[in-house]
Amino acid sequence: PCLMVGRTPRFFSVDDLNSMNVYNAIIFPEGFHNSYAGVWDMKPVVVKKFRDDEIRDCACREIAVATQMGTHRNVQRLLGCCLETSCPVLVYEWPENKNLDHRVLNYNQQSVETLEWKERLRIAWEIAHAVSYLHTAFRRPIIHRDLTPHSVFLDQEGSVRLSNFSLCISIPEGEDHVEDNIR
């Protein structure tokens with residue numbers, strides 16, 4: 001269930017997770033999960049732990065969509081997952097420059113530099129490029145449904161890394177829309 005497109009699949013065991021030195025501090029609190037900093041293979045990673053077994057379908061959806069999107073340059077890369085735990089745990093590449101919530105809204109943090117207008121336009125274009133790929137690259141178009149500043153990270157070069165695919169929904173074949181709860 002966790003195959004990487006064009007990459008070797010990585011399934012993490014509970015022992016692998018324990019060896020990641022996952023820090024106790026939540027770095028990105030979200031609705032269905034919490035994200036923690038960790039270290040795997042001597043590189044920083046984000047360890048996303050889903051909170052409730054009842055939302056397992058959200059975790060499975062995230063695995064499926066993140067895996068399909070894994071080759072796109074503007075998507076946060078899923079390194080692997082662990083399904084041995086009561087709730088799924090996903091391991092992602094580390095976003096060097098946090099998310100847009102911290103960078104654009106700034107939260108009165110003097111240590112974070114504000115983004116120039118030209119950078120903001122480039123970021124908007126890269127987000128649009130990733131979302132367009134979701135809508136057009138697959139047999140069944142995928143709608144993100146959680147496109148917020150929390151869902152967009154910036155890497156070391158400042159390039160966009162779209163994430164949080166747990167609320168994605170695909171349009172059924174032959175249909176032009178889908179009805180679901182508002183997110």
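This report describes the fold, the aromatic pairs and a few individual residues of one predicted protein model.

Residues are numbered from 1 along each chain as its sequence is written, and side-chain values use heavy atoms, with hydrogens and water left out. Because the model is predicted, local features need pLDDT of at least 70 and side-chain atom pairs count only at pLDDT 80 or more, while totals for chains, interfaces and linings use all residues.

## Overall layout

The secondary structure comes to four helices and nine strands. Helices (H or I, at least four residues) and strands (E, at least two) are DSSP runs, numbered from the N terminus. Along the sequence the pattern reads α-β-β-β-α-β-β-α-α-β-β-β-β. The protein has 183 residues, of which 44% count as buried. Buried means under 20% relative accessible area, exposed means over 50%, and partly exposed lies in between (1.4 Å probe, protein chains only). Contact means heavy atoms within 4.5 Å. Among the contacts with a separation of 6 or more, 58% are between residues 24 or more positions apart.

## Aromatic pairs

Rings of Phe, Tyr and Trp (its six-membered ring) pair if their centres lie within 6.5 Å; planes under 30 degrees apart count as stacked, over 60 as edge-to-face and the rest as tilted. By this rule there are two aromatic pairs. Phe-12 and Trp-40 are edge-to-face because their ring planes stand at 90°, with the centres 5.1 Å apart. This pair links distant parts of the chain: Phe-12 lies in the segment before α1 (14–18) and Trp-40 in strand β2 (residues 33–40), 28 residues apart. Phe-12 is buried, at 2% relative accessible area, whereas Trp-40 is partly exposed, at 24%. Tyr-133 and Phe-138 form an edge-to-face pair. Of these two residues, Tyr-133 is partly exposed at 26% and Phe-138 is buried at 18%.

| Aromatic pair | Centre to centre | Angle between planes |
|---|---|---|
| Phe-12 and Trp-40 | 5.1 Å | 90° |
| Tyr-133 and Phe-138 | 5.6 Å | 80° |

Strand β2 is mostly covered, with six of its eight residues buried. It runs antiparallel to strand β3 (residues 43–50), and eight bridges join the two. Two strands pair if DSSP finds at least two bridges between them.

Most residues other than glycine have a negative phi. Asp-41 has a positive phi near 55°. Arg-145 also has a positive value, near 65°, and is found in the loop between β6 and β7 (152–154).

Helix α2 (residues 56–68) has 13 residues and reaches 18 Å from its first C-alpha to its last, close to the expected 18 Å. The expected span is 1.5 Å times one less than the number of residues. Its buried residues are Cys-58, Ala-59, Glu-62, Ile-63, Val-65, Ala-66 and Thr-67. An α-helix has 3.6 residues a turn, so residues three or four places apart point the same way. What covers the buried residues of α2 includes β3, β4 (78–82), β5, α4 (117–136) and β6 (142–143).

Tyr-92 is in strand β5 (residues 89–93) and is buried, with a relative accessible area of 1%. Leaving aside neighbours within four places in sequence, the contacts of Tyr-92 include Val-45, Val-46, Glu-62, Ala-66 and Leu-78. Its side chain makes a polar contact with the side chain of Glu-62, at 2.6 Å. A polar contact is a pair of N or O atoms within 3.5 Å; within protein, one must be able to donate a hydrogen and the other to accept it, and residues adjacent in sequence count only if both atoms are side-chain atoms. The C-alpha atoms of Tyr-92 and Leu-78 are separated by 4.5 Å, and the two residues are 14 apart along the chain.

## Asn-99

Asn-99 lies in the loop between β5 and α3 (100–103) and is buried, at 1% relative accessibility. Asn-99 and Arg-161 are 62 residues apart in sequence and 8.8 Å apart in space, C-alpha to C-alpha.
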